[in-house]
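Please look over the structure shown here with an eye to its salt bridges, its sheets and its metal site. The report below takes these topics in that order.

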Amino acid sequence: MHCPFCRNADSRVVDSRTTDDGTSIRRRRQCPACGRRFTTTETASLSVVKRSGVLEPFRREKVIEGVRKAVRGRPVTDADLAGVAQSVEETIRATGASQIDANEIGLAVLPPLRELDEVAYLRFASVYNNFDSLDDFEATIRALREERRAAEEPGE
Ligand SMILES: [Zn+2]
């Protein structure tokens, strides 16, 4: 990292913190040559480990692509899908991991999708969790109903 003042090729990190949304790291650096300080922002890299073992960079578009089939015909907008993808990325980055299994992305999709549209959630969960019988659907629907009932009950 070159010093922006004297172009010295070396610098020392004096402080680093993750930005609030967790997508990048801000570093406070000091140049050992001229002693001046400057700040750099680096986007933390996040890779997805595919089932084949191949690594590819995390992309929100891939998340949206994966959810799109489940929301077909549902009152869900592109902005809603972008919101789901953002939520997924924030969940994953909050773990601090730089590599995640593709599987974990599916897991992170479930909560925001349920919030958005229960039918889409059910469709996505049925594929993701390999539902193979009506019982699986029934159990998931029952859990959704129970949660909704709990949410509607007046608190203490
Ligand atoms: Zn310098």
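In this predicted model, E89 and R93 form a salt bridge whose closest N and O atoms are 2.8 Å apart, where a salt bridge is a side-chain nitrogen of Lys or Arg within 4 Å of a carboxyl oxygen of Asp or Glu. The two residues are four apart in helix α2, so about one helical turn separates them. E89 is buried at 8% relative accessibility, and R93 is buried as well, with a relative accessible area of 14%; the term buried means under 20% relative accessible area, exposed means over 50%, and partly exposed lies in between, with a 1.4 Å probe and protein chains only.

Residues are numbered from 1 along each chain as its sequence is written, and side-chain values use heavy atoms, with hydrogens and water left out. Because the model is predicted, local features need pLDDT of at least 70 and side-chain atom pairs count only at pLDDT 80 or more, whereas totals for chains, interfaces and linings use all residues.

**Salt bridges**

By the rule given above, the count comes to 13 salt bridges.

| Pair | Closest N to O distance |
|---|---|
| E89 and R93 | 2.8 Å |
| E147 and R114 | 3.1 Å |

R74 is partly exposed at 28% relative accessibility, while D117 is buried with a relative accessible area of 7%.

E147 forms its salt bridge with R114, and this pair links distant parts of the chain, with E147 in helix α5 (residues 134–152) and R114 in helix α3, 33 residues apart. E147 is partly exposed, having a relative accessible area of 41%, and R114 is partly exposed at 29%.

**Domains and sheets**

The domain assignment, which is automatic or taken from a database, gives domain 1 (12–43) and domain 2 (47–152). Their centres, taken over C-alpha atoms, are separated by 34 Å.

Strands β1, β2 and β3 form an open sheet in that order, with antiparallel pairing; two strands pair if DSSP finds at least two bridges between them. β1 and β3 stand at the edges with a single partner strand each, so one side of each is left without a neighbour in the sheet. The twist averages 25° from one strand to the next, with axes as lines fitted to C-alpha atoms (for helices over the stretch in contact) and angles running from 0 to 180 degrees between N-to-C directions. Six bridges join β1 to β2, and in β2 the bridge partner of V13 is R29. Seven bridges join β2 to β3, where R27 stands opposite T40 in β3. The hairpin of β2 and β3 has six residues between the strands, and there G35 takes a positive phi near 80°.

A further open sheet of three strands has the order β5-β4-β6, with mixed pairing. Its edge strands are β5 (55–57) and β6 (99–101), each of which pairs on one side only, and the twist averages 35° from one strand to the next. Strand β4 (residues 47–49) pairs with β5 in the antiparallel sense over three bridges, and P57 in β5 is the bridge partner of S47.

**Zinc site**

Which residues are the protein donors of the zinc ion? They are C3, C6, C31 and C34, each through SG, at 2.2 to 2.4 Å from the ion; donors are N, O and S atoms within 2.8 Å of the metal (3.2 Å for Na, K and Ca), and since water is not among the atoms, sites may look incomplete. The angles among the four donor atoms are 105 to 118°, and the site is tetrahedral, a term that requires four donors with all angles between 85 and 135 degrees. In sequence the donor residues are spaced C-x2-C-x24-C-x2-C. Distant parts of the chain are linked here, with C3 in the segment before β1 (12–18) and C31 in the loop between β2 (24–30) and β3 (37–43), 28 residues apart. Both C3 and C31 are buried.

Terms used:
Tetrahedral: all angles 85-135°; square planar, octahedral: opposite > 155°, others 65-115°.
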